[in-house]
Amino acid sequence: MLINWHDPEHVYLVCGKTDLRKGIDGLATVVAENYGLELYNNSLFLFCGSRRDRFKGLYWDGEGFILLYKRFENGRLKWPRH
């Protein structure tokens, strides 16, 4: 599986704290219900937890969702809360 990271037309930062225990279905529900955005339109959605040292990404590749997870060993993200 190869992913062309130049391919997403839109990248959305989901502001605020997200419960990173959520999986694909839970994160997709957050996007659909809270923001009314289309999940299948070549967009990457990024979520950050309360500790700001890790984040998740949700991307539809045309065949299924890809769930990305990144944890920083040193440092934190500056993530918009509002």
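Select D53 and R54 to start: their side chains meet in a salt bridge, 2.9 Å from N to O. A salt bridge here is a side-chain nitrogen of Lys or Arg within 4 Å of a carboxyl oxygen of Asp or Glu. The model is predicted, so to speak of local features takes pLDDT of at least 70, side-chain atom pairs count only at pLDDT 80 or more, and totals for chains, interfaces and linings use all residues. Residues are numbered from 1 along each chain as its sequence is written, and side-chain values use heavy atoms, with hydrogens and water left out.

**Stop 1: around D53**

Is D53 buried or exposed? D53 is buried, at 9% relative accessibility. Buried means under 20% relative accessible area, exposed means over 50%, and partly exposed lies in between (1.4 Å probe, protein chains only). R54 is also buried, with a relative accessible area of 19%. R51, D53 and R54 are linked in a network of salt bridges.

**Stop 2: the other salt bridges**

The structure holds four salt bridges. Side chains of opposite charge can pair when their charged atoms come close. Select D19 and R21. They form a salt bridge, with the closest N and O atoms 2.9 Å apart. D19 is partly exposed at 32% relative accessibility, whereas R21 is exposed at 75%.

Next, pick R71 and E73. Their side chains meet in a salt bridge of 2.8 Å, N to O. R71 is partly exposed, with a relative accessible area of 45%. E73 counts as exposed, at 60%.

**Stop 3: the positive patch**

Show K17, R52, R76 and K78. They gather in a patch of positive charge on the surface. A patch takes residues with over 30% relative accessible area and no salt bridge, joining like charges within 9 Å and nonpolar side chains (Val, Leu, Ile, Met, Phe, Trp, Tyr) within 5 Å. Areas come from the Shrake-Rupley method with a 1.4 Å probe; for residues, only the protein chains shown count as cover. Lys and Arg count as positive, Asp and Glu as negative; His and the chain ends are not counted. A charge is placed at NZ of Lys, CZ of Arg, CG of Asp or CD of Glu.

Where is K17? K17 is in the loop between β1 (10–14) and α1. Helices (H or I, at least four residues) and strands (E, at least two) are DSSP runs, numbered from the N terminus. K17 is exposed, with a relative accessible area of 62%.

Move to R52, in the loop between β2 and β3. R52 is partly exposed at 32% relative accessibility. Check its backbone: phi is positive, about 60°, although R52 is not a glycine.

**Stop 4: N42**

N42 has a positive phi too, near 65°, and is a residue other than glycine. N42 sits in the loop between α1 and β2. It is buried, with a relative accessible area of 17%.

**Stop 5: the aromatic rings**

Select Y40, W60 and F65, which form one aromatic cluster. Rings of Phe, Tyr and Trp (its six-membered ring) pair if their centres lie within 6.5 Å; planes under 30 degrees apart count as stacked, over 60 as edge-to-face and the rest as tilted. By this rule there are six aromatic pairs. The ring centres of Y40 and W60 are 4.8 Å apart and their planes stand at 90°, so this pair is edge-to-face. Y40 lies in the loop between α1 (24–35) and β2 (43–48), and W60 in strand β3 (residues 54–60), 20 residues apart. Y40 is partly exposed at 46% relative accessibility, and W60 is partly exposed at 23%.
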